[in-house]
Amino acid sequence: MSVKYVPEPFRIKMVETIKMLTREERIQKIAEAKYNMFNLKGEDVYIDLLTDSGTNAMSQEQWAGVMRGDEAYAGSSSYFKLVAAGQDIFGYEYIQPVHQGRAAEKVMFELLMGKGQYSISNTFFDTTRAHVEATGARAIDCVVAEAKDPSIRAPFKGNMDVVKLESLINEYGVDKIGLVVMTITNNSAGGQPVSMENVRKTAEICKKYGIKLCIDAARYAENAFFVKQREEGYADVSIKDIVKEMFGFADMFTMSAKKDTIVNMGGLIGIKDDKELVTLCKARTILFEGFISYGGLSGRDLESLAIGLYEGLNEDYLKYRIGQMEYLAGRLDEAGIAYQAPVGGHGVFVDAKALLPQIPYYEFPGQALAIELYIEAGIRTCDIGSYMLGNDPDTLEQLHSEFEFTRFAIPRRVYTQSHIDIMADALIAIKERSSSIKGYKITWEPPVLRHFQASLAPIE
Ligand code: F0G
C-alpha cells in the first residue's frame, strides 16, 4: 500500500530558481569535481540532498527576527532572548551560543578528555569523532545490534547498547572514560531515534560511575517526535515536554543548531548545573568563538535561532517533516530498494551495499551510488559509510564501516512532493542498471575528515 504524502503546513512566499544540466554536462561536472560531491558547485545541482544542515528555509517570523537582531558586542537583547528560549526548552541553567556544532565540540571536549582516554557514544558523527580524536582521546561507538542490519524494523535503532557500555567502562577503567555522548537522533546509524528509556538507562550507568553524559542534540525535535509516536506512555505528552524530560537525564549538550532549529548557521552548548565547567566553557568560548553574548554569531542569527528553537517543536511541522521521509521510503518499498528501516528523521539512508553488492567496502559503494544519482538526475547525496569513516588514526588502515549508506538528507521546508518523486524515480532507474556500476579508488586524501576534500577516480 502506498504511503500518502502529508501536505505542507505552510505556503511558499519566496522562491529560488534551480536548473537541470544535461546528462553529458553532469558526467563532465562530476569528473571535474574528482568524483567528490563536496567539489560540485551548488548551481550545478538540481536537488541538493548533501545535507540537511544549514540548508533549511526560514519562516517569515525568523526573517522578521533577522531585522530585529541586536548587534551589540556585549549583552545583546537577541542573546538574552536565545538564552531564555534555551532555558525554557531544555531546562538547563547555562546556554551558550557558538557558530556551529563542531565549535561546541571544540570548546567542550578538551575540558573533558585527553590522551590515553576514551569517549563512548551510541554513534559519533564524523566531526564529533574527529574532535574526540583531536584531544588525543579515542572514540568508541556502542550502538545496539539491530542498527547494523538495515532490514530489521525496530522502533529505536539509534539506541546505546547499555550492556556493552557498562562492560566497556569496566574494560577500559572508569578514569579512562572522559565522556559519554548520546547522539539524538543517531545520524550515522540512519537518523535513527533514541528512546527515553535508553537515555534514562545510559544516564543511570554514567551516574553510577561518575562519568558525564553529553547529548549531541542536533536533531532533538525529530527524536522527540519519534518518542511521541513510538514509545509507550508518550502519545499524549507534548514534544516540548518530551525534550525537557530527555535533557533532564544528561549533564550537558552540544548542538549543531543548523538542523532542527531551522536556521542556516549556529550552534549551542548547554550545561545543566556544573558551575566550574561553565567558567571553563566561557573562557574557551571567548578564546575561540568571541564574547559569550554572541559566540561567533551575529545578533540577527541569535534572534532567528531563538525563534527556530520553538518552530522546530511544532507538531504539524514535524508530522509533515517525518511524513516526507515516510513517503519516500514507501516508494522505495514498492520498488524493492533497501534502506535503513524504518526510515529515520532527517533523511533516507539507502543501503548501497545491498544495491551494489559487487562493490567492496574499500571501493566505496555509498559513494559510487551518490555519483550515479548525480549523473542520473542532478541529485547530490553523500556517502555515510567506509568512505566517510576514513582510516584508523593509529594504523592508517582503511576502516570497514558497519554500514554503506548513501544518504538522502532532506533540507527542512525546502522540497515538495514532486522533488521527492524525482528522488525515488532516479533510484529506480539506477537499480535497473546497477550490476554495471563500478567502485572508486582514492587518488589523494588529506589527513583528517578526508571525505570533504579527497579526490577519487573510477576503477576500470
Ligand atoms: N553532531 C551531529 C549529530 C551532526 O549531524 C553534525 C553535523 C554535527 C554534530 C556537527 O555540526 O556541522 O554544525 O559543525 N552534521 C551535518 C550533516 C554536517 O550533514 O549531517 P556542525
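Me: How many bridges join β11 and strand β12 in the antiparallel sense?
Reply: This is a predicted model. β12 covers residues 405-409. One of its residues, T406, is the bridge partner of D383. The antiparallel pairing of β11 and β12 runs over three bridges.

Me: Which strands are the edge strands of the open sheet?
Reply: The sheet has three strands in the order β9-β12-β11, paired antiparallel. An edge strand here pairs on one side only.

Me: What angle does helix α14 make with β12?
Reply: Neighbouring strands of the sheet are turned by 35 degrees against each other on average, direction ignored. Helix α14 (residues 365-377) packs on this sheet and touches β9, β11 and β12. Its direction makes an angle with that of β12 of about 45 degrees.

Me: Which helix supplies the largest share of the shell around the ligand?
Reply: Two helices, α4 (101-112) and α5 (126-134), each supply at least two residues of the shell. The largest share is three residues. Those three come from α4.

Me: How many residues in the shell around the ligand are charged?
Reply: There are 17 residues around the ligand, with T51, R102, S256, K259 and R407 coming nearest. By class, one is nonpolar and nine are polar. The charged residues number seven.

Note on methods:
Residues numbered from 1 in each chain as written. Predicted model: local features only at pLDDT ≥ 70, side-chain atom pairs only at ≥ 80, totals over all residues. Heavy atoms only, no water. Near = heavy atom within 4 Å. Helix = DSSP H or I, 4+ residues; strand = E, 2+ residues; numbered from the N terminus. Nonpolar A, V, L, I, M, F, W, Y, C, P; charged D, E, K, R; others polar. Pairing = 2+ DSSP bridges. Axes fitted to C-alpha atoms, helices over the stretch in contact; angles between N-to-C directions. Contact = heavy atoms within 4.5 Å.
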